[in-house]
Amino acid sequence: MSDAHSYLLGENALVLSLNVNAPSQAQQRKLFALCAALKDSNAFIDIVPAKSSVTAYMANPNDYQYWLKHVMLLWHECDDFAFDAKTHFIETIYGGEFGPDLNDVAKRACLTERQVVQLHCSQTYQVEFLGFLPGFAYLGKLPCELQLPRKTKPRKLVPKGSVAIAEDLSAIYPNQSPGGWHLLGRCQHTLFNPNNQPPSLFAPGDKIKFVPLKEGVC
Amino acid sequence: MLKVNKSGVMASVQDIGRFGYRHYGVCRSGALDPFAVCLANLLLDNPVHKAVIEITIGLAEFEFTSACNFALTGGCLNAKLADKAIYPGWRYYASAGDVLTFGTSAHAQRAYVSVEGGFELTPVLNSCATDLQSHFGGFQGRALNSGDSLNYHTSSVKLNTLGVKQPPYSQQVRVLKGPHCDKLPANTFERFIEQSWRVSELSNRMGSRLLCDEPLNHEVSITTQAVHPGIVQLPPSGEPIVLLNDCQTTGGYPILASVIDADLRLFSQFGANQTCQFVPCTLAEARKASDKLSAHLAQFSLAKNNNN
């Protein structure tokens, strides 16, 4: 039996969805390889990966029956190592005014602030998908020790560049916005600029390493 | 120049939307009634996707500082040009100094204004639509304020009055069944179809929230997946949300249905507390409805050229 299925969402969107909610690392890599294969076909206006699916918006929706079958073929043919990820190093000032939740996260995890920073920086994250705001990347996976539910009361204003965690994910706020994640630090990188091509620093599948700066907890 | 004397409840520059950047989290934006954008442009022989002004609810006032052929489409917000009533679906000529005003209406929410040749704007990510959440595109990345002015080329020739029939805005919205219906409690989709829904006053360009006496509560969770305008999400509260142009690119609520492309424009005119009803249809019927709208544009184009 296949580990995925395809269906049409609305009139134009072709969806390939895994039969599991949490993909394995191999499946995750295959999803990005599938995105690349779909892109090469030039048959889609937008290709949007998410946690365990890829949604592709057809330029010619009349071809949907072909694509419903073909996307399954592509999925099975995809080599999970075909995807070549770009790596970004994100210099971050942890704690103090830039990471107002670092102390609280440390307490709740029964760790010191330094241990939290070490754990957060120990991981190479992968952009699972982008959403919520332009350039807002969901980065998996956060080490188990740091996994906490979202804040019960979201902040009205999270500053641009805030490095944050919630559940099994980390993220960086590309712009000032409301938000319910725990803020550990801040970076100076421009994550989204609509006048750049591409407008977003991160693309689905990219790898991210956080690098603590001396100005903060490290 | 088109001077904004009063922006009213909200007015923003919109075209048919921004495509190709959804994987970066960039939403579509664009007019809630893209068909009205096309008609407004066709009335002036503009390229059909030129940016227009979307006027929400009304109470706005604009001043033409130089002569201008312009067109008005969408809902009737009781517009007046130099104190004379004008109507959606027509093109008009404004002399220098003429003032265009909008009242309000209990039956309509949005009107569209295009000018001959289009406004002078710089596209951002291939579109002149305003991304109101992320503050880029359109006019300085924001809704219009009083005191703003938009540039256009002065019209050298006064064009004849010309009208076009606008397809009606009905309360009946055709939908396709969503992919998560079999995960939801039995008959959820049927109950969605059977009852009338009331549009909540919390609705905006991101989504239209729907209310009724018997919400479709559930406890189903799904993995976050890509969503787009037209998708009907069902949060556990049981009150569906019809996603509109400014919606996020991904969502984690079960998808109950999707509004067919041809009928999504109807949400441009639903005000708070108005009722609407959903009617199931097939994919073939959905395609036919879109083709019918395209044919409407093509016929008008042809008729207009034959009369010139």
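Start at B:Gln166. A polar atom of its side chain sits 2.9 Å from the backbone oxygen of B:Gly74. That is a polar contact: a pair of N or O atoms within 3.5 Å, where, within protein, one must be able to donate a hydrogen and the other to accept it, and residues adjacent in sequence count only if both atoms are side-chain atoms.

Before going on, this is a predicted model, where local features need pLDDT of at least 70, side-chain atom pairs count only at pLDDT 80 or more, and totals for chains, interfaces and linings use all residues. Residues are numbered from 1 along each chain as its sequence is written, chains are lettered from A and ligands numbered from 1 in the order in which they are written, and side-chain values use heavy atoms, with hydrogens and water left out.

Back to B:Gln166. It lies in the loop between β12 (162-163) and β13 (172-177) of chain B. Helices (H or I, at least four residues) and strands (E, at least two) are DSSP runs, numbered from the N terminus. Buried or exposed: which is B:Gln166? B:Gln166 counts as buried, because its relative accessibility is 17%. The cut-offs: buried is under 20% relative accessible area, exposed is over 50%, and partly exposed is in between (1.4 Å probe, protein chains only). Leaving aside neighbours within four places in sequence, B:Gln166 is in contact (heavy atoms within 4.5 Å) with B:Leu39, B:Thr73, B:Gly74, B:Pro88 and B:Gly89. Take B:Pro88. It is 78 residues from B:Gln166 in sequence, yet the two C-alpha atoms are 8.3 Å apart in space.

Second residue: B:Ser66. It is found in the loop between β4 (61-64) and β5 (68-74) of chain B. B:Ser66 also counts as buried, because its relative accessibility is 14%. Its side chain makes a polar contact of 2.9 Å with the side chain of B:Thr154. Not counting residues up to four places away in sequence, B:Ser66 touches B:Met1, B:Ala94, B:Ala96, B:Tyr152 and B:Thr154.

Now the domains of chain B. There is domain 1 (2-163) and domain 2 (172-287). These bounds come from an automatic or database domain assignment. Taken over C-alpha atoms, the centres of the two domains are 28 Å apart. Domain 1 of chain B puts 24 residues into the contact, and domain 2 of chain B puts in 19 residues. Together they bury about 1600 Å², with carbon and sulfur atoms giving 46%. Buried area here is the accessible area (1.4 Å probe) that two parts lose on being put together, summed over both. Which residues of domain 1 of chain B lose the most area to domain 2 of chain B? B:Arg22, B:Arg28 and B:Leu32, together 36% of what that side buries.

The rule finds 2 salt bridges across this interface. A salt bridge is a side-chain nitrogen of Lys or Arg within 4 Å of a carboxyl oxygen of Asp or Glu. B:Arg265 forms a salt bridge with B:Asp33, the closest N and O atoms being 3.5 Å apart. On the domain 1 side, β2 (10-14) and β10 (110-115) of chain B each supply at least two residues. That side divides into 10 nonpolar, 9 polar and 5 charged residues. For the classes, Ala, Val, Leu, Ile, Met, Phe, Trp, Tyr, Cys and Pro count as nonpolar, Asp, Glu, Lys and Arg as charged, and the others, Gly among them, as polar.

On to chain A. Its assignment gives domain 1 (4-77) and domain 2 (87-212). Their centres, over C-alpha atoms, are separated by 28 Å. In contact are 5 residues of domain 1 of chain A and 8 residues of domain 2 of chain A. The area buried between them is about 580 Å², 59% of it from carbon and sulfur atoms. On the domain 1 side, A:Phe32, A:Pro49 and A:Lys51 lose the most area, together 71% of what that side buries. A:Lys51 comes up again, in a salt bridge with A:Glu128 (3.3 Å, N to O).

Last, chain against chain. The contact takes 33 residues from chain B and 41 residues from chain A. About 2900 Å² is buried between the chains, 59% of it on carbon and sulfur atoms. In chain B, B:His23, B:Tyr24 and B:Arg287 lose the most area to chain A, together 23% of what that side buries. How many salt bridges are counted between chain B and chain A? The count is 0. Residue pairs in polar contact number 11 (both at pLDDT 80 or more). α3(B) gives the largest share of the chain B side, 4 residues.
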